Amino acid sequence: NANFNFTRQISPSFGVRFGLTWARLSGDDSYMDGVSGYEPNFMRNLHFRNDVKELSIVGQYDLVRTERSYLRREQIIPYIFGGIAVFAHDPVARPDSSVYQSRNWVRLQPLNTEGQGLPSYATPYSLISVSFPVGFGVRYKLNSSWDLGFEMGFRYTLTDYLDDAGGNYADPTELLGQSPLA
């Protein structure tokens with residue numbers, strides 16, 4: 001992923017940060033070939049790629065008091081954070097060449113691969129959702145205006161469709177009527 005943040009220190013221990021993040025999520029069951037205990041994953045033969053774009057506002061609590069003056073500010077500052085974000089995503093996959101001639105990446109949400117939108121199935125999922133970023137990190141003072149930070153963050157999302165799979169498989173005959181590619 002790539003991330004850019006702007007942080008405004010509100011008090012010696014608390015800051016507010018605005019962030020832009022791009023992250024690529026992916027998974028591929030073909031890597032399970034020959035791995036003992038994961039044969040069902042290999043047989044399932046699923047894969048996806050999803051580029052996620054996120055805009056966040058996060059509260060940051062410094063475990064070491066941060067002074068506004070560059071000269072009095074600690075060189076290394078550990079911190080924890082939590083906040084809210086909105087993100088856009090669009091999972092894609094490459095279809096099997098025996099089903100679809102092109103090996104181009106295909107958007108999965110419009111295919112309704114779990115029957116979304118069909119009678120007795122869920123409504124199609126949204127490509128925009130909310131997440132709650134939480135984590136911890138450490139900043140290193142480079143100069144009066146810039147810090148270099150390393151952090152470990154987690155996202156709790158309000159969608160289970162980052163990989164286009166959120167529940168049970170749809171009836172293949174119903175999907176076939178909708179689209180052979182689905």
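A strand, here, is a run of at least two residues that DSSP assigns as E, and strands are numbered from the N terminus. The views below show a predicted model.

**View 1. Strands S7 and S8 lie side by side as an antiparallel pair.** Strand S7 covers residues 128–141 and strand S8 covers residues 147–157, and the two are paired over 11 bridges.

**View 2. The largest pocket holds about 1,200 Å³ of space.** Its lining is made up of 39 residues, and those closest to the centre are Asn5, Phe6, Thr7, Arg17 and Arg139. At least two lining residues come from each of S1 (2–9), S2 (14–28), S3 (47–62), S4 (76–88), S7 and S8, and S8 gives the most, with 9 residues. Sorted by class, the lining of this largest pocket contains 14 nonpolar, 14 polar and 11 charged residues.

**View 3. The second largest pocket has a volume of about 940 Å³.** Of the 31 residues that line this second pocket, Asn45, Leu46, His47, Ala93 and Leu108 are nearest the centre. Strands S2 and S3, together with helix H2 (172–178), are the elements that each give two or more residues to the lining. By class, the lining of the second largest pocket consists of 16 nonpolar, 6 polar and 9 charged residues.

How values were computed
Residues numbered from 1 in each chain as written. Predicted model: local features only at pLDDT ≥ 70, side-chain atom pairs only at ≥ 80, totals over all residues. Heavy atoms only, no water. Pairing = 2+ DSSP bridges. Helix = DSSP H or I, 4+ residues; strand = E, 2+ residues; numbered from the N terminus. 1 Å grid on protein atoms, 1.4 Å probe; cavity = no way out; pocket = protein on both sides within 12 Å on 5 of 7 lines; lining within 4 Å. Points joined across faces, edges and corners; volume = space filled by probe spheres on them. Nonpolar A, V, L, I, M, F, W, Y, C, P; charged D, E, K, R; others polar.
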